[in-house]
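Subject: Structure handover

Hello,

Here is the structure I said I would pass on.

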Amino acid sequence: MKTITIKLPEFLNSSLDAAASSRKQTKSAVVRDLLMQALPHGGQAAARKKARPSLHDRLKKYQDAGPTGIPDLASNPSHLASYGR
């Protein structure tokens, strides 16, 4: 995890101390929970993106393959010998 430093007014620091004591958590854990609730997506978008491969990665095995799964026959000239006759 990254470490950040913030400056808080005394009344916020007192409120944070009280919240941490009542939850039996560290002040860092309380601030993390509050930020997860306050920020859009709660940081889940980045985690979801890492956990799931992209569509491009999932379809890479089908690259250069037709509906049968066989690579394109047009790349082999012997298959085109009788084409157009």
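The model is predicted.

Helix α1 covers residues 10-23 and α2 covers residues 27-38. After α1 comes K24, which has a positive phi, near 60°.

Next, how the helices pack. Two packed helices are described by the angle between their axes and the distance between the axes. Here the axes of α1 and α2 cross at roughly 100° and come within 9 Å. Angles of 65 to 115 degrees count as roughly perpendicular, and α1 and α2 are therefore roughly perpendicular to each other. On the α1 side, the contact is made by N13, L16, D17, A19, A20 and R23. K27, V30, V31, D33 and L34 are the residues from α2. By type, the residues of this contact divide into 6 nonpolar, 4 charged and 1 polar.

Last, the pocket. The largest pocket has a volume of about 470 Å³. Its lining consists of 14 residues, and K2, I4, S28, V31 and R32 are the ones nearest the centre. Both α1 and α2 supply at least two residues each to the lining, with α2 giving the most, at 5 residues. The lining of the largest pocket has 7 nonpolar, 4 polar and 3 charged residues.

Regards

Notes
Residues numbered from 1 in each chain as written. Predicted model: local features only at pLDDT ≥ 70, side-chain atom pairs only at ≥ 80, totals over all residues. Heavy atoms only, no water. 1 Å grid on protein atoms, 1.4 Å probe; cavity = no way out; pocket = protein on both sides within 12 Å on 5 of 7 lines; lining within 4 Å. Points joined across faces, edges and corners; volume = space filled by probe spheres on them. Helix = DSSP H or I, 4+ residues; strand = E, 2+ residues; numbered from the N terminus. Nonpolar A, V, L, I, M, F, W, Y, C, P; charged D, E, K, R; others polar. Axes fitted to C-alpha atoms, helices over the stretch in contact; angles between N-to-C directions. Parallel < 35°, antiparallel > 145°, perpendicular 65-115°, else oblique. Contact = heavy atoms within 4.5 Å.
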